[in-house]
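Subject: Structure handover

Hello,

Here is the structure for you to look over. My notes on the sheet and helix packing follow below it.

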Amino acid sequence: MANNDLTITKPRIDVSCVQKRFKIYYDKGNSFKEKLLFWKRNRHEIRYVLNGVSLKIKQGETVGLIGRNGCGKSTLLKLISGIYYPNAGKITINGRVSSLLELGAGFHPDMTGRENIYINASIFGLTKKEIDERLNDIINFSELQKFIDVPVRTYSSGMYMRLAFSVAINVDADVLLIDEILAVGDANFQKKCFAKLEDLKNQGVTIVIVTHDIDKITSFCDRAIWIKDGQISYDGDPKIAAQKYLDYMDELDKKRLLDAVDKANLRDMINDDELRVPDHFGDGGAKILSCTLLNASGKKSKVYKSGDKMDIHIRYQVDPSLKGYILGMGFIKMDGVVAYGTNTSLDGYKIQNTKEEGEIIFHIDKLNLMPGNYGVNVSVVDNKFNPLDFYNKYTVIKVEKRDNSVGEMILDHRWEEIDNGQ
């Protein structure tokens, strides 16, 4: 890497009391005429994105920046890279900086991939001779040999990322800045990218990465900085930073539920079960009458901890002429991803009820859902799985964390230590 001898005693990145603010206009005239005629319209406010941020990052450190959207993570990276300038404070960088901040930044859409390599690498400070020496390595890593001589406007977002990343890692930078761009692209190339980042890390490159992938922060970074409302809330161990951030986001989730961000879901959570969200469809012939959730104490509840007991009581009505039917349930995330789903047919359970109205209980001994908000889907379908009455998010539950595990699911587990007799 370039200039490694400069930072044996000096930090690679030194941010001191940095402020960054923007003017946010409410009603601004766009043309000169509008500005003259409607000069009173230029109402605005000064918004501080970063306010008094100080940090030092040593050579070879891998630092993750975490925080909710709008907290100032990306702004800080742009300040370090020189795209923005601070309104107050000072930033000192010792060494060459390479950055991946915005998809396709520095690329000209009408130029080919090969031509954009030369443009992009020259922005990072490489000479034509240095680019010539690295050109094959860049193209081979990007795996874009077949497309390297076509205009990049024809590229997909994943292809953009491949080319941008390949250039950024081949400029012999001392500091590499990455802002969420690796979320683009297929899983195999992401794996390849992080293997390369591990290699750069071992070579002593200073890496600063912004990501919402908490697992990447805890597994890849030596240090994590949680930025909250434009200031550093925690700087240190990645696992501690991640837990503090997740706890904070859990609290925000609770407030969202109580502040009616989604009024339909809120009404469903705080009122009687009869006031359910009217989001259902079906061919008729059966009807879901109610869906009641009971906790381990037998009381109605919409808030549970991971691992809690839950009983879902589903009351329904069917047409006496219906020859057979199937009852189903599922948990769905707020973004529409199904977390779990099943039905009586899949479970080999034959419904014995012969009356017009019936009630069935779905017993859950351990609610192994990760913390978050989930819609509860309930349905009745015929024997050919045609929906008779299907409720999407009949009700919404809040699952709170019980331990410090991370990921997409919870596993019942135990540890066992073996004595080898040594």
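Please keep in mind that this is a predicted model.

Six strands form an open sheet in the order 5-6-7-3-8-9, and the pairing is mixed. The edges are strand 5 (97–100) and strand 9 (231–236). Each has a single partner strand, so one side of each is left without a neighbour in the sheet. From one strand to the next, the twist averages 15°.

Inside that order, strand 3 (residues 62–66) and strand 8 (residues 223–228) run parallel, joined by four bridges. Gly-64 has Ala-224 in strand 8 as its bridge partner.

Next, the helices on the strands. Helix 2 (residues 73–81) lies across strand 3, strand 5, strand 6 (175–179), strand 7 (206–210) and strand 8. Helix 2 runs at about 150° to strand 6. Helix 5 lies across strand 5 and strand 6, and runs at about 170° to strand 5.

Helix 5 also has a helix partner. Helix 5 (residues 157–168) packs with helix 6 (residues 187–202) at an angle of about 15°, their axes 12 Å apart. Angles under 35 degrees count as roughly parallel, so helix 5 is roughly parallel to helix 6. The crossing is left-handed.

Which residues in helix 5 and helix 6 meet? From helix 5 come Met-161, Arg-162 and Phe-165; from helix 6, Phe-189, Cys-193, Lys-196 and Leu-197. Five of the residues in this contact are nonpolar, two are charged and none is polar.

Best regards

How values were computed:
Residues numbered from 1 in each chain as written. Predicted model: local features only at pLDDT ≥ 70, side-chain atom pairs only at ≥ 80, totals over all residues. Heavy atoms only, no water. Axes fitted to C-alpha atoms, helices over the stretch in contact; angles between N-to-C directions. Helix = DSSP H or I, 4+ residues; strand = E, 2+ residues; numbered from the N terminus. Parallel < 35°, antiparallel > 145°, perpendicular 65-115°, else oblique. Left-handed = near helix turned anticlockwise from the far one by under 90°. Contact = heavy atoms within 4.5 Å. Nonpolar A, V, L, I, M, F, W, Y, C, P; charged D, E, K, R; others polar. Pairing = 2+ DSSP bridges.
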